[in-house]
Amino acid sequence: MSAALLLGLTHLHRPSQPEPVWGGCLGLAIERERHGRDSGELRRLLNSLECKQDAYTKSMILHSITRCVYLLESEASGCTNDDVTLVGSMLDDKDNSVKIQALNTLKAFSGIRKFRLKIQEHSIKVLELISTIWDSELHIAGLRLLNNFPLPDFVHPQLRRVMPALMEILQSDYILAQVQAIRLLSSLAQKNDLLYDILNCQVHCNFLNLFQSTQPGSLLFEVLVFAERLSEGRSSPHYRAVKWHYNKQSLHEALFGDDSRLADRLLALVIHPEEDVQIQACKVIVSLQCPQDAGIRPSCPPSHSCFNNGE
């Protein structure tokens, strides 16, 4: 079996370049791990990353490190913050493929609790990458990493700056990137100091197309969760204590403005073939009808509803 096949790197394969010999050691490393022995494979890969390599080789090394972190648990736990810093330094590489593989490796390390604080230090850099480079694969890798741990408060100023970019990714045509973007936005919508920035963010005039029943169920569900959190957030006493002003092309106006057609889209989703979409659509409808100030949802007065009485 070739090293490329063993590592699942066929998408990176360049026939004109020999395959690195270290890739074929992974199977043996896994076998040694099962017997409680340290193969040293992960350490060898990290050491090789410190050497001067071309972009293709660095990408392959990082991909192999990612697999080792997932598969060789004890060796991965034995790594240090310096190792994570080394991987993080690859985010400054000129080649996007290296950046993407570095993001994937950081995500793998973020599954180990002791490295999370160190990885959080790279949050601002990751946000910078996904907001300045229009590359779907990089967006997916970066957003998956950010969605894998709570973002610290010191990142909030940068989040405000990149909010338009996150909204653009959400409105792109690449489903995997859209799902990751809206998961991050849903999480941020629960932060009181970021809610207005999200609601006042400018969106396309066809934003409500994201609520069409023809969208993939996975995306629809996440969009509906996002809408519910925004609805509940704007109805909270903390948020309602301030008189906010929104621009005409804002997300707030698209979802909750007087001319919004969100109600029509939600009613259509109540009969969606996928049950989780149906349920989430109903939750959004309830949140729109019931302000959250009293904390009592079942008996909210109908005058607060965005739906017409006939609906």
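**Reading a predicted model**

A: Buried means under 20% relative accessible area, exposed over 50%, and partly exposed in between (1.4 Å probe, protein chains only). This is a predicted model, in which local features need pLDDT of at least 70, side-chain atom pairs count only at pLDDT 80 or more, and totals for chains, interfaces and linings use all residues. Residues are numbered from 1 along each chain as its sequence is written, and side-chain values use heavy atoms, with hydrogens and water left out.

Q: How many helices and strands does the protein have?

A: Helices (H or I, at least four residues) and strands (E, at least two) are DSSP runs, numbered from the N terminus. Here there are 18 helices and zero strands. L199 belongs to helix 13, which covers residues 192–199.

Q: Which residues is L199 in contact with, leaving aside neighbours within four places in sequence?

A: Contact means heavy atoms within 4.5 Å. By that rule L199 is in contact with L230, R234, Y239, Y246, S250, L251, H252 and F256. L251 is 52 residues from L199 along the chain, yet their C-alpha atoms are separated by 5.1 Å. For the protein, 69% of the contacts between residues at least 6 apart in sequence join residues at least 24 apart.

Q: Is Y196 buried or partly exposed?

A: Y196, also in helix 13, is partly exposed because its relative accessible area is 23%. Not counting residues up to four places away in sequence, Y196 touches Y239, W244, H245 and Y246. Y196 and H245 are 49 residues apart in sequence and 9.3 Å apart, C-alpha to C-alpha.

Q: What about S59 and K125: where do they lie?

A: S59 lies in helix 4, residues 55–71, and counts as buried because its relative accessibility is 1%. Beyond its neighbours within four places in sequence, S59 is in contact with S97, V98 and Q101. K125 lies in helix 9, residues 123–132, and counts as partly exposed because its relative accessibility is 23%. With the neighbours within four places again set aside, K125 is in contact with L91 and D92.

Q: Which residues have the most contacts inside the largest nonpolar core?

A: In soluble globular proteins, nonpolar side chains tend to be buried together. A nonpolar core is a set of buried Ala, Val, Leu, Ile, Met, Phe, Trp, Tyr and Cys residues joined through side-chain atoms within 4.5 Å. The largest one here has 86 residues, and F109, F207, F211 and L230 have the most contacts inside it. Of the 311 residues in the protein, 50% are buried.

Q: How many residues line the second largest pocket?

A: Rolling a probe the size of a water molecule over the atoms shows where empty space is left. On a 1 Å grid over the protein atoms alone, using a 1.4 Å probe, a pocket is an open set of points with protein on both sides within 12 Å along at least five of seven lines; lining residues have an atom within 4 Å of a point. The second largest pocket is lined by 17 residues, with C205, K248, S250, E253 and A254 nearest its centre.
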